[in-house]
Amino acid sequence: MTLTSVLPQAEQCGAEVLVVSDGADPGTAEVAARHDVRLVSLPRPEGVNAARNAAVRSAASDLIVFIDDDVEAPPGWLAALLDGVRSAPGYDVFGGPIRARLEGGGPRACGREGAPITTLDLGPEDRDAPLVWSANMAVRRRAFERAGGFDETISGGRGDEEEWEHRFLAAGGRVRYVAAAGLDHRRTASDATVRALTRAAYGQGRASRRNDARKQVAPPLRAELRTVAGCCWHIVRRRCAIGFVMLAESSGRLREAVTESRR
């Protein structure tokens, strides 16, 4: 669905589409061949930041647009993003809204917590942004000349592009939010079950804790324990199935914290 939604827009705008595979994967190769787009395949799995760097090296254009393989771009998304880029020549990084779409309704939620997948909503107007997310992000090539490439030692968890953006901002760069360039972050019904979401959240939690430890901002073990307890209370008090996803992510973080304490 991602390529089906993007390819007509890319053709209309004269943009090349690349599919990047993190390691050789026959399924990804088949999808790229079926849609007649260029495949960039890493020789072995190296993580999402390595895949992003491979895309930058392989792309021919000055502007590189990153999206994830589980998004759907409505008509006009790419044109709106490119208009936003053209209207802000002093900016090098751009991002648009990311809306959650859990097909089949997703787990029961109490309404106090957001969707358990990456989203972004900074309002209805274009504005400066502290960060945007790579599920919907455009970067001028000169930004990589300013800040270097994505850190390939960071992979998994939410915000694996965040370190690069902080480095880019520290080097004097500017990030722009393009309100009209929104797309949907999609989970199919089978991927939006409590079981599927908790499995993914546990891995994200472990990666998130490792990234925090690398940045030397990881909270102490007792704080991770309090968060786990709070998630348990939320499940019981609110009867909220999203709480199980929160608990899985917090448990992943706790697992990493325990491992760190034993070193």
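Select helix H7 (residues 194–214) together with helix H9 in this predicted model. The two axes come within 7 Å of each other and cross at roughly 35 degrees. The crossing in which H7 passes H9 is right-handed. To see the contact, display the side chains of H7, including Val-194, Leu-197, Ala-201, Tyr-202, Arg-206 and Arg-210.

H8 covers residues 221–238 and H9 covers residues 242–261. Their axes lie 9 Å apart, and the packing angle is about 160 degrees. H8 and H9 are therefore roughly antiparallel to each other. Their crossing is left-handed. From H8, the contact residues include Leu-221, Leu-225, Val-228, Cys-231, Cys-232 and Ile-235. From H9, they include Phe-244, Met-246, Leu-247, Leu-254 and Val-258. This contact of H8 with H9 consists of 12 nonpolar, five polar and two charged residues.

Next, select helix H1 (residues 2–13) and helix H4 (residues 77–86). Here the axes are 8 Å apart and the helices pack at about 45 degrees. H1 is therefore oblique to H4. On the H1 side, show Val-6, Gln-9, Ala-10 and Cys-13; these meet Trp-77, Leu-78, Ala-79 and Leu-82 in H4. Seven residues of this contact are nonpolar, one is polar and none is charged.

Now turn to strand S10, which spans residues 183–187, and select Arg-186 within this strand. Which side chain makes a polar contact with the side chain of Arg-186? The partner is Glu-103, at 2.6 Å. Beyond its neighbours within four places in sequence, Arg-186 is in contact with Met-1, Asp-70, Val-71, Glu-72, Arg-101 and Glu-103.

Finally, select Arg-187 and Asp-70. Side chains of opposite charge can pair when their charged atoms come close. The side chains of Arg-187 and Asp-70 form a salt bridge, with a distance of 2.4 Å from N to O. This pair links distant parts of the chain, since Arg-187 belongs to strand S10 and Asp-70 to the loop between strand S3 (63–67) and strand S4 (71–72), 117 residues apart. A search of the whole structure finds 21 salt bridges.

Terms used. Residues are numbered from 1 along each chain as its sequence is written. This is a predicted model: local features need pLDDT of at least 70, side-chain atom pairs count only at pLDDT 80 or more; totals for chains, interfaces and linings use all residues. Side-chain values use heavy atoms; hydrogens and water are left out. Axes are lines fitted to C-alpha atoms, for helices over the stretch in contact, and angles run from 0 to 180 degrees between N-to-C directions. Helices (H or I, at least four residues) and strands (E, at least two) are DSSP runs, numbered from the N terminus. Angles under 35 degrees count as roughly parallel, over 145 as roughly antiparallel, 65 to 115 as roughly perpendicular and the rest as oblique. A crossing is left-handed if the near helix is turned anticlockwise from the far one by less than a right angle, and right-handed if clockwise. Contact means heavy atoms within 4.5 Å. Ala, Val, Leu, Ile, Met, Phe, Trp, Tyr, Cys and Pro count as nonpolar, Asp, Glu, Lys and Arg as charged, and the others, Gly among them, as polar. A polar contact is a pair of N or O atoms within 3.5 Å; within protein, one must be able to donate a hydrogen and the other to accept it, and residues adjacent in sequence count only if both atoms are side-chain atoms. A salt bridge is a side-chain nitrogen of Lys or Arg within 4 Å of a carboxyl oxygen of Asp or Glu.
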